[in-house]
Amino acid sequence: MVADAATKIRGYLRENMTAFQDVELDDEDNIFERGYFTSLFAMQLLHYVESTFDIEVPDDYIILQNFSSVRRLADMVGELKASAGE
């Protein structure tokens with residue numbers, strides 16, 4: 001589940017952020033530190049994650065750390081799916 005989530009999230013970032021189209025993006029790269037993330041895109045990414053993986057991200061999960069890399073996003077998706085019994 002986590003590997004599949006990482007693949008989908010990585011693809012979404014590449015498709016929706018021109019800064020990633022010519023840059024190698026490692027799953028551990030902090031996308032905030034690289035300067036590619038805006039608050040508007042954060043909301044779009046949250047919506048993408050919730051709709052793609054059929055989950056609701058609780059308010060206490062909406063923290064910078066969980067959204068800082070492909071790996072952390074995928075881990076969060078896996079954790080939320082597991083807690084929902086999937």
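**Overall fold and a loop residue**

Along the sequence, the protein chain of this predicted model runs α-α-α. It holds three helices and zero strands. Helices (H or I, at least four residues) and strands (E, at least two) are DSSP runs, numbered from the N terminus. The radius of gyration is 12 Å, close to the 12 Å from the globule rule for 86 residues, so the chain is as compact as a globular protein of that length. This radius is taken over C-alpha atoms, and the rule is 2.2 Å times the number of residues to the power 0.38. The C-alpha trace spans about 40 × 25 × 20 Å along its principal axes.

Residues are numbered from 1 along each chain as its sequence is written, and side-chain values use heavy atoms, without hydrogens or water. In this predicted model, local features need pLDDT of at least 70 and side-chain atom pairs count only at pLDDT 80 or more, while totals for chains, interfaces and linings use all residues.

Of the 86 residues, 37% count as buried. Buried means under 20% relative accessible area, exposed over 50%, and partly exposed in between (1.4 Å probe, protein chains only). Contacts (heavy atoms within 4.5 Å) were examined between residues at least 6 apart in sequence; of these, 55% join residues at least 24 apart.

Asp54 lies between α2 (39–53) and α3 (70–83). Its phi is near 50°, a positive value in a residue other than glycine. Asp54 is exposed, with a relative accessible area of 63%.
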